[in-house]
Amino acid sequence: MPHKSRWRTGLTDSLARAAGRLAERRAAAEEREEQFEERLGERGEADERRRERRDDERARERERAREEAPEEAHDDYVPPPPSYAPAVAAPRAPVAAVPWGVRVAAEVAWRFLILAGSLYVLMRVISAIKLVVLAFVAALLITALLQPIVARLKRAGLPRGLATALTFIGGFVVMGLVGWFVVWQVMENTDQLSNQLQAGIGQLKKWLLNSPFHVTDKQINQIAKNLQHAVGTNAETITSAGLQGVTVVLEVFTSLFLAMFSTLFLLYDGRNVWNWVLKLFPRDAREGVAGAGPRAWRTLTLYVRGTVIVAFIDAVCIGVGIYFLGVPMAVPLAVLIFLGAFIPMVGAVVSGALAMIVALVTQGPFTMLMVLVVVLAVQQIEGHVLQPFILGRAVRVHPLGVVLAVAAGSLVAGIGGAVVAVPLVAVTNTVVGYLRQHVRENALRQAVTEGAPPAAQET
């Protein structure tokens, strides 16, 4: 019996302990559930606070954007994207879509168009006043030829005015005598040339009749009749050409007067004229222009003096050659060759062809071939000996540049433009070369000055 009581007591105690542990576990679970509920409440409140702060920031951003936008744009205002939105790439600029080579070509093209337009306007202005321009350019060329004489007379002790007057009068007297001599020789030999021309036409007619071309006398007479008819039909055109010739003569005399007047002032007061021209340039550019001016003038002086010497040698050599070949009007042809030498290449060809035509008409084909040999020999000596020795490197221009310059000058201003084209190119070449060197030296000097220490800069 006592044994059973102890067993019941032990069982009761075990059940009581199990019930106590179960109650403890239940209490702990309830406590954890309460703590979990508290944490959930705190997190919800934090989320709520974050949402409130985010809404406040968005409202402030919208208000700031509205204040910064112009007043007239408030009605059409579009708010910026929110800060949490994904980043959107900005659209590319249109210029970025054009290839680099195309952009370079376009920039070169529009600059070239501006230069071409400016050059075209300049050429139109020069064409409109070409009488004045050619007269002044002729005055520059004559001044470049006569200025050394004035300088020598001044060094000899003569006053500037007297030296200028003597040089001016002597120079134009010599040029007038040369022109008078050419006209006088042409008038003296006109009858002889006319007779020889008729004889040459008769010889040409006989040669055509006996030639293998089977030309008949009737065909030759028909050609002569057609020529007479053409002259009679175009009589009005020939008359108008004669009237235009009178106008040309008046223009020539006007240009001659302007050239003489300009030459006189350039000889007497050329330095002050140049100083006045310098004042027309911006102050920053005057240093370069002041240095380029004397070099350009030296180039022009060398060109004119060398061309006169070369033309004189050509005229003497060719004139002596055609004189000994028996060609009439040798002296006038020599003077024309002298004048034609002022138009490089083209003038020599034209004057030589004229001498060959006179030789063909008056002396026959053999004499014409001999004149051609003389002209070609003199031209070779000029190109390979005279011009390099007399002109030197100061006015060296490539033959292609000479031909293009003469062609462009003749298109713009006729014979006068062809005469002044080559010296203009030579002077431009000298000026551009000097200005390029001047800019390079200034850049180097500025770089050395900026890189020098303060003590060196002060010294």
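Is Phe 172 buried or exposed? Phe 172 is buried, at 15% relative accessibility; buried means under 20% relative accessible area, exposed over 50%, and partly exposed in between (1.4 Å probe, protein chains only).

This is a predicted model, in which local features need pLDDT of at least 70, side-chain atom pairs count only at pLDDT 80 or more, and totals for chains, interfaces and linings use all residues. Residues are numbered from 1 along each chain as its sequence is written, and side-chain values use heavy atoms, with hydrogens and water left out.

**Overall make-up**

The chain has 13 helices and zero strands. Helices (H or I, at least four residues) and strands (E, at least two) are DSSP runs, numbered from the N terminus. Of the 459 residues, 22% count as buried. Among contacts with a separation of 6 or more, 68% join residues 24 or more positions apart. Contact means heavy atoms within 4.5 Å.

**Aromatic pairs**

A search of the whole structure finds four aromatic pairs. Phe 168 and Phe 172 form a tilted one, 4.8 Å centre to centre with 55° between the planes. Rings of Phe, Tyr and Trp (its six-membered ring) pair if their centres lie within 6.5 Å; planes under 30 degrees apart count as stacked, over 60 as edge-to-face and the rest as tilted. Phe 168 and Phe 172 are four residues apart in helix α4 (residues 160-188), so about one helical turn separates them. Phe 168 is buried too, with a relative accessible area of 14%.

Tyr 323 and Phe 324 pair edge-to-face, because their planes stand at 75° with ring centres 5.7 Å apart. Tyr 323 is exposed, at 57% relative accessible area. Phe 324 is also exposed, at 68%.

Ring pairs also link Phe 257, Phe 261 and Phe 265 into a cluster. Elsewhere, Arg 160 lies over the face of Tyr 268, 4.4 Å from the ring centre. A charge sits over a ring if NZ of Lys or CZ of Arg is within 6 Å of the ring centre and within 35 degrees of the ring normal.

**Helix packing**

| Helix pair | Axis separation | Angle |
|---|---|---|
| α8 (residues 286-324) and α9 (residues 330-340) | 8 Å | about 155° |
| α3 (residues 130-155) and α8 | within 9 Å | roughly 85° |

Axes are lines fitted to C-alpha atoms, for helices over the stretch in contact, and angles run from 0 to 180 degrees between N-to-C directions. α3 is therefore roughly perpendicular to α8. α8 and α9 are roughly antiparallel to each other. Angles under 35 degrees count as roughly parallel, over 145 as roughly antiparallel, 65 to 115 as roughly perpendicular and the rest as oblique.

The α8 and α9 crossing is right-handed: a crossing is left-handed if the near helix is turned anticlockwise from the far one by less than a right angle, and right-handed if clockwise. Residues making this contact include Val 308, Phe 312 and Tyr 323 of α8, with Leu 333, Ile 337 and Phe 338 of α9. Where α3 meets α8, the residues include Leu 140, Leu 141 and Pro 148 in α3, and Trp 297, Val 304 and Val 308 in α8.

**Ala 163**

Ala 163 lies in helix α4. Ala 163 is buried, at 0% relative accessibility. Leaving aside neighbours within four places in sequence, Ala 163 is in contact with Val 150, Leu 153, Lys 154 and Leu 158. The C-alpha atoms of Ala 163 and Ile 149 are separated by 8.3 Å, with the two residues 14 apart along the chain.
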